Amino acid sequence: MLKLYEFSTSGNCYKIRLLLTQLEIPFERIEIDITKGESRTPEFLQKNPNGKIPTLEIEPGKYLSESNAILFYLSEGTKFLPSDKWEKAQVMQWLFFEQYSHEPYIATSRYWISILGKAEEYQAEIKHKQPEGYAALNVMEKHLENNQFFVGNTYTIADICLFAYTHVAHEGGFNLNQFPAIQNWIERVKNQPLYRSILS
């Protein structure tokens, strides 16, 4: 059975749980509390030298890290990753966008505010993150004004990776009320078969 080493409130870990559930692949969850340094222990660093979660144990001693690389690995050959070369490249485009232009601003703010509960301590940093976070949301909004999903108008891992932190962006101080296309897309994702929430 696959083993998912995760910090359960992390959107990056949620991505993997959501896809595995929708693929109907059984997996074992192993909680790693990053706030207590549990991803930096010698034991965990043997699994992932970068000391981060999620890490997926595919078979004994075989580990894969980086959430979007895990999504790509699990979705290959399934309906969640297009077989068409152009559409597959578009999926990758959104995966890179999420990690470079979206997650560093929206996810980090959420971590400081809602996970650590240190909004006042990180007030200056959170304010600094706002313009770039809203810029990413604007890119998404513009795309979704004319598309049901991010690639090929069908639900793929591009949607899963962007949904994970976008639907809880308010927990990082971002107001989604000004993004109606994103809000409608969030509801479409939640209505997908075998959907599970970030809290489950």
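A salt bridge, as I use the term today, is a side-chain nitrogen of Lys or Arg within 4 Å of a carboxyl oxygen of Asp or Glu. What we have here is a predicted model, in which local features need pLDDT of at least 70 and side-chain atom pairs count only at pLDDT 80 or more, while totals for chains, interfaces and linings use all residues. Residues are numbered from 1 along each chain as its sequence is written, and side-chain values use heavy atoms, with hydrogens and water left out.

Let me begin with D33 and K36, which form a salt bridge whose closest N and O atoms are 4.0 Å apart.

How many salt bridges does a search of the whole structure find? The search finds seven, and one of them joins the side chains of R17 and E6, at 2.6 Å from N to O. This pair links distant parts of the chain, since R17 sits in helix α1 and E6 in strand β1, 11 residues apart; helices (H or I, at least four residues) and strands (E, at least two) are DSSP runs numbered from the N terminus. Both R17 and E6 are buried.

In another salt bridge, the side chains of K88 and E76 meet at 3.2 Å, N to O. Because K88 lies in helix α4 and E76 in the loop between α3 and α4, the pair ties together parts that are 12 residues apart in sequence. Finally, salt bridges that share partners join E6, R17 and R29 into one network.

Definitions and conventions
Buried < 20%, exposed > 50% of the residue type's maximum accessible area, 1.4 Å probe, protein only.
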